[in-house]
Amino acid sequence: MIPPAARERLREAAGPEALAEHPPLELEGAPVELTLSPADGPALGRTLAALSELGLAALVRGAGTQLGLGNPPRRADVLLSTARLRGIEVLDAEEGVARVRAGTPLGELRQAAAACGWEPSLDPLSPEATLGGVVSAGVPGPRGLAFGRPRDAILGLDTALASGERTRCGGRVVKNVTGYDLAKLYAGSLGTLAVIEAAWLRLRPLPEATALLVAPLAGPDARTGIEAARLASARVVALADAALAPRLAPTAAGGSALAVIELAGDAPVVAADARELASRLGATAAPSDTLERLRAVLAEPPGDAALRARLDVRPSRLAACAAVLAGAPLLLQPGLASLHVWLPLAGEAAAADRTAGGDPVARAFERLGTAARAGAGRFVVEAAPLRAKQGRDVFGEPPEGLALMRALKQRFDPQGVLNPGRFLGGI
Amino acid sequence: MSAAPGTAASAAALLARLRGILGPAAVLARPEELLAYECDGLTLHRGQPTAVVLPRETAEVAAVVRACNAAGVPFVPRGAGTGLSGGAVALSGAVVIECQRMNRVLEIDPEDRVAVVQPGVVNVEVSKAAAPHGLLFAPDPSSQQACTVGGNVAENSGGPHTLKYGTTTNHVLALELVLPSGEVVRLGSRSGAPAGYDLVGAVVGSEGTLGIVTEATVRLVPIPEAVETLLGIFPDVVSACRAVGAIIREGLVPAALEIVDQRTIAAVEASVYAAGLPLDAGAVLLVELDGPRVAVAAQLERVRALSSAAGARRVDVARDAAERQRFWRARKGAFGAMGRLAPDLYVHDAVVPRTRLPEVLARVCEIGDRYALRLSNVFHAGDGNLHPNISFDRRDQDELRRVLAAGEEILRTCVEAGGVISGEHGIGTEKQDFMGLLFGEADLDAMRRLRDAFDPEHACNPGKVFPTTRFCVESDPKARGYGRVEIA
C-alpha cells in the first residue's frame, strides 16, 4: 500500500490527470494499484524524481505487448505508463528521419511514413507496440534480417533517468560520433537504465517491390534457410517445423515443414530472387496475411502449460542447436541466427520425461542450456507462466560482462526505481 | 615499498616493470623515440608520454595496465595514430599502449561471415583476407591503408560508404577488452545479439576511454556483384546538392554520394592528383552504386536522369576500374592536394541535415573568406557530413588564431542548422570544449555514468571527450576550445 501522502506527492508530480487508482493488477506477480501516465517530458521527469524521493519502484510499460519479457520484478509499487507520451513530432520526408514520442504505436508511424514513401526500420510483432517498448525490449522482428536490431534505427534519444533528470544523446542527423553512444546502452535494457521519452529515427525508403512466398520443406533445415537469407532482397526468412506450419499456412497440405520468405527491394532483384526460390525450393506466392500469422505465433502467450524461448546462436551452429531441441515445436530465423522453441511444462509430453528430478521447468531450462551451448550462443525465455520464472533467470547463465552491467545499473539507477530485478542477473 | 607516484624514482620503477613484462625492446622511453607519439593526425594537439609500450598479446596489455595502475600512471591505447581529433595523445604523462604489433587476422569464417582480428590489423587487410571468400569488411575510412581495426572501433570510423553500409558500430559483433582495472572481458556474440546490456555498442566509438580492445569479431559482407561510378559536373554546389536530395527522395541508396567543391577542384587539378576535372565546374558529384547487376543497371539510369534534371552539365560513367580510380582521385586526392598548399592541413568534420547543406556550405565558405583562409570543401553529401579543409602554416601565429576561430564558427553554424560537431573523427581533445554546444550538464553527466562504470579512476585515456571545464562555452570565453594548442 502506498500511503495517501505519497499518492498526493505523485499526483502533484505527474499531473492530476496522470494518476489512476485501481484494484490490484497482477503484473508479473506484482499487485500494482496505481498507474502513472505523465503527459509530457517534464511531467515524466517530475514523476521519476518523486518516485526516487519516496523510495518507490516502477514497472515501466508502453502498450504492454512484451510485458512478459524479463524476470519477475523484485519490487513494483506503481505502473509507469508512456501511453500519453504519444505522437509523431517530426516526419521529414526530405531527410527520411522522424522524431517520435515513446508511447506512439509503431503502426501509426508505419502508416504516416508510408504516406510519404518511407518506412521505419522497426518491425514490432504488433502494430500497437510502442516505440519506447520496442526499443527497450531490443528484440528484432522477422524483418530484422533487413532492418537490423531496434538500436540500429535510432539516431538520438531523449530519456529521463531514475533521478528524474532529463537527458539526451545522439541527434537528428544520420551520422554522428559526438559523445558516447548511450542509445546503444538504453536499447535492449528493458527500461532498467532510463525511461525513453522520444527518439529521432532513421527511416528507410519503401521498397520498390516486395514478394511474399511460402515453400514446403522436408524439415526446418538451417542450411536451406541461411542460403535463402543470403539472397540480396531477402527481408524475412522463417522456417516452421511440421507442428507449427499449419499456423502459418492453414490451407497448405499438412505434414511438412514450411519456409516463409519475404523479398523486398528493386523490382528486378526481387523478381530474380523469387525465380531462384521457385526453382530451388518450389516457393509459391503466399496469402497476404502470412506475416501477420508469423508475428502472432511469435507474440502469443504460451499459456500455463508451456514456455517460449529464443536462442541466439552462431549461424553455422543453428542446425546443431535445433537438433538438441528436436521434437519440440521450432521456428528458425536463420537470417537473424535465432530460433524459437516451445517447451512443455505440463501434460503428457512433460510427464513422460523423468529427467531433472521430474521437474518439467528445471528440465526445460536444462534443455535450453544444452541447446544454447550446442549453438555457441545464449537463450532467453521470452514468455512463460510466472511459476516457471520464479527462482530462475530467464536470460540463462550470466555473461562475462555481468559485473560491468551491475556497475552500470548502480550508476544510472542506484535506488532501483526502474524495473528492479527484471533484467539479466537480477539487475 | 614502491616510490611515491609522480616522482622520477616511480617513473623509473614503472619503466623497469614494463620492461620486465614486455622485454626491453618493446618499451620506448628515450625522448627521440617518444617524439613520433606526441600527436596523432591532428598535429596541433600534443602530449608527451612517459613511455610507449608495444605488446603482442592480450595478457601483456593486461599486465601493462595493472603495472600502470599500481604506479598511478594513466594509459592510452593507440593504433596507427591516424585519428584526427587528438584521441591518441598522451595526457598527464600517460603510457601509450601501441597495438600495432597485435596485427594478426585470427580467423576468417565464411560460414558465419565474420572475421576475428587483433586490434593492430590494418583496416584494408581485413578485406584482403576475406576477399578469397567473396567477402569484405565494409567500413573504409579514407586512411584505410594505414588505420587499424582497434582505432576504427575506438572512433566508430566511417568513410565514404557509410550511407549504405553504416559505420563501424554496425559491423562489430564481439570484443575482447582489457578493462581499465586490468581485467579481461569478452563482450557480445557472433550471433549479433547482445548478452545483457549492449556493451559492445557502448564501447564502439568511446574513443579508447572505456578500455583497450585486444580482439574484435567483425561482420563481413558479400563483395557486390556490380559497381558503377558516376561523375557529375555541376555549375554550382546548390545544384549538386539538389541532385543528392532527389536521389535520396527517390528511395535510392547509393554506396557513396560525395561532393567536391570548386575550390577543391582547383587544388586537385593543380596537383599530382589531377583527375581531368573541368576547372570551371562549380561542383563535382561522385555517385557509387553497388549491388546485384540487374539493380545497379537500372539505378544508374535513374541517377543519371536525376542529375541532369538537377542541372548537371555532364554525367560520366566510369568504363573500367582505371576510370573509377580516376573519378575517386577527384575525391580522395583532395587532402593531398590541399596539403601541398601549406605545411599544415586542418580537416574539419561536422554533420548537418542534408537539406541544409547548400546554405551551410555557403556560410562555411564565407567564414573561410572572412578569416582570409585557404578553405575548401569535400563532403559525404548523402549523410550531410562536411569536411571543410583549411591549409595553413602553424608557425604563423596569426594564421593559426584565424584557423581556430574559423573552426569554432563553423561548428556553431552546423549546430545552429540542427547538426552535430563530429560525424566520424570523434571529439578527443579537439572538440571536448565544444560539447556544451550540443549537450547540457545532465546529458554529459549521463555519459560520465557510463565512463565511471568502466573506469572509476579515469585511468584510461584521461582528459578526452568531456569538457575540460564545467563552465559553459557560452559564458566563459576563456574556456573556449583549443585550450591545449600552444599559441605564443
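Predicted model: local features only at pLDDT ≥ 70, side-chain atom pairs only at ≥ 80, totals over all residues.
**View 1. Chain A as a whole.**
Chain A contains 15 helices and 18 strands. Its C-alpha trace spans about 70 × 60 × 40 Å along the principal axes. A compact globule of 427 residues would have a radius of gyration near 22 Å, and the 22 Å of chain A agrees with that.

**View 2. The open sheet S1-S2-S4-S3 of chain A.**
This open sheet of chain A has 4 strands in the order S1-S2-S4-S3, and its pairing is mixed. Strand S1 (19-27) and strand S3 (58-61) of chain A stand at the edges; each has a single partner strand, so one side of each is left without a neighbour in the sheet. On average, neighbouring strands of this sheet are turned by 35° against each other, direction ignored.

**View 3. The hairpin of S1(A) and S2(A).**
S1(A) pairs with strand S2 (residues 30-36) of chain A in the antiparallel sense, over 6 bridges. Within this pairing, A:Ala20 has A:Thr35 in S2(A) as its bridge partner. The two strands, S1(A) and S2(A), form a hairpin with 2 residues between them. In the turn, A:Glu28 has a positive phi of about 50°.

**View 4. The parallel pairings of S4(A).**
S4(A) pairs with S2(A) in the parallel sense over 2 bridges. Here A:Leu36 has A:Leu80 in S4(A) as its bridge partner. S3(A) is joined to strand S4 (residues 78-81) of chain A by 4 bridges, and these strands also run parallel. A:Arg61 stands opposite A:Ser81 in S4(A).

In chain B, 4 strands form an open sheet in the order S1-S2-S4-S3, with mixed pairing. Strand S1 (27-28) and strand S3 (75-78) of chain B are the edge strands, each pairing on one side only. Strand S2 (residues 51-53) of chain B runs parallel to strand S4 (residues 95-98) of chain B, and 3 bridges join them. B:Ala51 stands opposite B:Val95 in S4(B). Helix H3 (residues 58-71) of chain B packs on the sheet and touches S2, S3 and S4 of chain B. The direction of this helix makes about 175° with that of S4(B).

**View 5. The side of chain A that touches chain B.**
The contact between the chains takes 56 residues from chain A and 67 residues from chain B. On chain A, strand S9 (166-170), helix H6 (182-186), helix H9 (267-281) and helix H15 (402-412) each supply at least two residues of the side that touches chain B. H15(A) gives the largest share of that side, 7 residues. By class, the residues of this side of chain A divide into 26 nonpolar, 12 polar and 18 charged.

**View 6. Packing of H9(A) on H10(B).**
H9(A) and H10(B) pack with their axes 8 Å apart, at an angle of about 165°. Because angles over 145 degrees count as roughly antiparallel, H9(A) is roughly antiparallel to H10(B). The crossing of H9(A) past H10(B) is right-handed. From H9(A), the contact is made by A:Pro268, A:Val269 and A:Ala272. From H10(B), the contributing residues are B:Val294, B:Ala295 and B:Ala298. The contact of H9(A) with H10(B) has 6 nonpolar residues, no polar and no charged.

**View 7. Packing of H8(B) on H10(B).**
Within chain B, the axes of helix H8 (residues 237-249) and helix H10 (residues 293-310) come within 8 Å and cross at roughly 140°. That angle makes H8(B) oblique to H10(B). H8(B) passes H10(B) in a right-handed crossing. H8(B) contributes B:Ser239, B:Arg242, B:Ala243, B:Ala246 and B:Ile247 to the contact. The H10(B) side consists of B:Val303, B:Leu306, B:Ser307, B:Ala309 and B:Ala310. By class, the contact of H8(B) with H10(B) has 7 nonpolar, 2 polar and 1 charged residues.

Definitions and conventions. Residues numbered from 1 in each chain as written. Chains lettered and ligands numbered in written order. Axes fitted to C-alpha atoms, helices over the stretch in contact; angles between N-to-C directions. Parallel < 35°, antiparallel > 145°, perpendicular 65-115°, else oblique. Left-handed = near helix turned anticlockwise from the far one by under 90°. Contact = placed C-beta atoms within 7 Å. Nonpolar A, V, L, I, M, F, W, Y, C, P; charged D, E, K, R; others polar. Pairing = 2+ DSSP bridges. Rg over C-alpha atoms; globule rule 2.2 N^0.38 Å.
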